[in-house]
Amino acid sequence: MSGGDGELARNLGFVEAMTMGGGTMIGAGIFILPGIAAEGAGPASSLSFAIGGLVALLAALSLAELATGMPIAGGSYHYVNRSLGSFFGSIVGWGMWTGLMFASAFYMIGFGQYFVEPLPFLDGRFLIILIGLAGLSFLVGVNYYGTEESSRFQNVMIGSETAIIIVYVAVGFFFIQPTNLEPFAPTGVSGIIATTGLIFVTFLGFEIIATVAEEVKNPGRNIPLTMILSVVSVTILYVIVMIVSTGVVPFDTLGDSLVPVSDVASVSMGSAGVVAIVVAAVIAAISSSNSSILAAARVVFAMGRDNLMSDWLNQTHSRFRTPHRAVMATGGVTALLVLAGLWVEEIIAVLAEVASFSFLVSYSLVHVAIIVMRRADPEDYQPSFTIPGLLYPAVPILGIVLSLLIVSQMEPVVVLIGFLIVLFGVAWYALYVRTRDVEDSLVGDAIVGRPGGPGEPEAYRVVVPISNPETQKGLLRLAAASANTHTEEGETPEIVTVNVIQVPSQTSLEQQLQFEEERVDVQRQLLRSAREAAEDMNVSLRTRAIVGRDVGRTILDVLEEEHADQVLIGSEGPKKTRQQVFGSNLDDVLRDAPCEVSIVNLKRERIGTPVALAGPGPHAQVAARRAFEFATIDGTRPTLLNVQRPVDEDDAPDPVDRGEAMIEEIAEAADLDPEEYDAKVVVDTDVESAILARIESYDTVCVGVSEQRSVSRLLFGSLAERIATEADGNVAMIRGPYEVHRSVREALVERLST
């Protein structure tokens, strides 16, 4: 199945993307790099971080435009491969993969240093390397087996380390000694630029946003916003950290330390501060290395998708559904780089600088790619964010110049290693890639130039999530019957069927799409038979197969994208637990869907004469309307049932008259004429028992749920719950669209998630 045959869920909102970008950059580098940076540029190392931030910001602007125009897994690699062709794609692909492995090894050695150095009973390079390998093995295992919890744990880790760093800066500010900041730039301009190349590894986090661009909600807004904000905020934080660090501890003393931030904390925050910094540094190293392994596996996948990498390395585990071979290969090479620390004394600086070299070269080619895409203007390239007119072409040109300037100031051994990686990419292209079906360059089109455009219709639309082959045909019949009653003459209503495949966070969504090819093929066959049934009902049937990380949220996203009028979803009835009613996926839809919701438990094939409860409640008229729509399947008329308690007072209104008046009012609100339904009023002292007894003679019952926003209160202890669990026939729980009055917290979360 090709990428175009399925879809990838956009589950990452502003907060999640910001966490991935900014959170990854506020990682291990902030604890390890201050010592190396202080040694290279003194207090002026703060300027090195500012320059690094500027270079990253320029790359972020170019990447943001490319990512909104081509939101596909692979990040920089994919954009270069698409625009400049497979020759440069091979160079960038291998450069990114090796760069991420060098970065991960850098983080793991730093992990070992912060474990060993502060503890007087631990000592030695061997122990640092051993602990680094142990941490790496743990992360490889996590990414091999794949857990949903790992992504949540990642967010907790990032939040904790960020809070500790903010306290470190706030407290350390009062311990700055102005004399420690002199001389400010002991190594001059060349030292500042050379140090920029060394510390640039810490700015790789924003690239991860581009790598997962296929999964970001509202990409035209969130991709550029999170990229730019994450780079700017992290740059400011790093500049302040360096000023505080070199102001509290002399830069030459700081340069000799393997745990520089811990040494500064011992002066400004005491032993408690040292413990906090050590904990934060260990957390940061794990977090940053984990992000690098995740990103590396996705780069390998993207290369495999484009035939630039062996399919063997690109396979997904049959049980865990993770890219296990890519993870193991990444872990194996990273382990060798960590082991090199036993023999190479300056290993941590070399690892950081080689990673920086790889990404600076990649970003230079990204800037070239955006110029080519702008000039070639292919029809399928429609970015929703573009570099503002006044800044183009200044941004890509300045980005190329600054990137190459920084590379030119790097240590000769680093340039040699980086050059060998580039040569390996060239050799890989010549010996492996060139013989395969690879991407053509758009450079020729860019030299000449071109243009393109689209459009879209509207109709009553019912979305039907599909997961059970046994009930999907029945659900589609109900959806078609419902949709047809809302159609004006000459219009054709639309049913959109959705199948969502859930995947672990370690796996690229597009990779999972290929992995689930057999299941999606089976689903297509089932939908084909459903389409035949739908043809007799005068509806247009459209199918969507989506791969996502959260089924409920993915369905909600589809409802918004489709501007759905109704979602009709199958259920086996309440699964009453303390915190869930139907299960988390259905509960999310019932609570947050922006349209009418029909949750149907199909126990019988026959719909027959539906009965709707026409009692008090905000959704009774929607339930009545749904009963009328379902009745069209078997050509019957729905019954609107109302139960009244008897009255003792002589002057009280007759309960039958009161019930008939309520039914009439509900029918009118449901836009039903008197001849389109039958009214039935029952008088009984026990309302619930009377309803349960009367509905037994009907094949289908429609009942409106209550108004509370909390799903746990929506049904628990209610008549709707008793009907859902005790009725022998089909049960449809109906919720109409309602006005949501959000709390401040809910409003902020919703706003930031779009």
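Predicted model: local features only at pLDDT ≥ 70, side-chain atom pairs only at ≥ 80, totals over all residues.

Entry 1. Residues are numbered from 1 along each chain as its sequence is written, and side-chain values use heavy atoms, with hydrogens and water left out.

Entry 2. I searched the whole structure and found 17 salt bridges. One of them joins the side chains of R461 and E494 at 2.6 Å, N to O. R461 lies in strand β2 (residues 461-465) and E494 in strand β3 (residues 494-502), so this pair ties together parts 33 residues apart in sequence. Helices (H or I, at least four residues) and strands (E, at least two) are DSSP runs, numbered from the N terminus. I found both R461 and E494 buried; buried means under 20% relative accessible area, exposed over 50%, and partly exposed in between (1.4 Å probe, protein chains only).

Entry 3. I next looked up R542 and E562, whose side chains form a salt bridge of 2.7 Å, N to O. R542 belongs to strand β4 (residues 540-548) and E562 to helix α22 (residues 551-562), 20 residues apart. R542 is partly exposed because its relative accessibility is 29%, whereas E562, at 7%, is buried.

Entry 4. Finally, I recorded that R461, E494, R542, R544, E561 and E562 are linked in a network of salt bridges.

Technical notes. Salt bridge = Lys/Arg side-chain N within 4 Å of Asp/Glu carboxyl O.
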